[in-house]
Amino acid sequence: MGSSSNVPTFVFITGANKGLGLESVKKLAAEQPNFHIFLGSRSLEKGTQAANSITARAQGTTVEPIELDVNDDSSISEAVKYIGDKYGRLDVLLNNAGIMMIPGLSFREEMTKVIETNAISAACVTEAFLPLMKKSQAPRLLFMSSNFGSITYCLDSTQPFYGYDAKPYFTSKAAMNMIGAQYAVQLGKDGFKVNMVDSGFRSTNLNGFHELGGVPSEGVLEACRLIVDTDKNGQHGTFTSNEKQHPW
């Protein structure tokens with residue numbers, strides 16, 4: 001359960017000026033008192049616009065836009081320093097920033113860029129924030145993955161997207177899952193709860209608002225549930241969605 005005390009909970013969500021990131025911020029801001037949510041955005045202007053659009057806020061809860069380009073180490077360092085100097089710790093990190101495809105690039109270029117953004121940069125952001133997260137009483141680390149990252153599903157001909165060719169994105173999410181699994185093993189002994197989350201296929205900017213995608217707000221229910229769960233014996237080292245636990 002989330003904390004009911006007046007001690008603030010500091011949450012950072014990357015790629016949060018739109019899509020599932022913004023939906024996560026909206027839900028937490030409306031429902032969780034005394035949360036301070038850092039809305040990460042590559043563009044501070046767009047992040048500020050997104051933060052200002054969130055009008056439903058629980059008592060004591062604030063939303064602060066933070067400029068963060070996950071592919072830029074100096075941008076990451078600046079965000080970490082700002083939060084460390086002003087707030088001293090970070091309780092929750094949701095690695096949400098991601099891309100699905102980049103038209104116009106060569107195959108090698110697209111593979112490199114998508115995997116860098118979705119997997120490598122998630123690891124880099126996590127590494128940078130770990131010192132601040134280790135100061136939390138209940139650190140929670142989450143990765144917004146996808147069932148497309150499941151190798152088991154990829155080989156299962158009964159799956160609805162069996163045979164769909166999206167090598168850059170599928171590979172990036174499989175890599176993200178391994179990164180999360182590594183952190184789960186390494187940080188579990190330090191009291192961290194580390195989990196990978198599948199939002200389900202949702203109609204967002206990531207996929208061009210695909211007509212077959214589900215409602216975006218429903219895609220953040222699992223992530224938000226884990227964000228507010230401070231149970232020291234709670235869920236850890238899993239790959240789940242709203243409906244079930246997924247195979248790796």
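In the predicted model, residues I76, A79, V80, I83 and G84 of α3 meet C124, V125, A128, F129 and L132 of α4, contact being heavy atoms within 4.5 Å. By class, this contact of α3 with α4 comprises 9 nonpolar, 1 polar and no charged residues; Gly is among the residues counted as polar, and Ala, Val, Leu, Ile, Phe and Cys are among those counted as nonpolar. Residues are numbered from 1 along each chain, and side-chain values use heavy atoms, without hydrogens or water. Local features require pLDDT of at least 70 and side-chain atom pairs pLDDT 80 or more, whereas totals for chains, interfaces and linings use all residues.

Helices α3 (residues 73-86) and α4 (residues 107-133) pack at an angle of about 20°, with axes 10 Å apart; helices are DSSP runs (H or I) of at least four residues, strands (E) of at least two. Axes are lines fitted to C-alpha atoms over the stretch in contact, and angles between N-to-C directions run from 0 to 180 degrees. The two helices α3 and α4 are therefore roughly parallel (angles under 35 degrees).

The largest nonpolar core contains 33 residues, and F12, L90, F129, F143 and Y183 have the most contacts inside it. Such a core joins buried nonpolar residues through side-chain atoms within 4.5 Å, buried being under 20% relative accessible area with a 1.4 Å probe. Elements giving two or more residues to this core are β1 (9-13), α3, α4, β5 (140-145), α6 (167-187) and β6 (193-198). Helix α4 supplies the largest share, 8 residues. A second, separate core of 26 residues includes L20, F35, I54 and V92.

Definitions and conventions: Angles under 35 degrees count as roughly parallel, over 145 as roughly antiparallel, 65 to 115 as roughly perpendicular and the rest as oblique. Buried means under 20% relative accessible area, exposed over 50%, partly exposed in between (1.4 Å probe, protein chains only).
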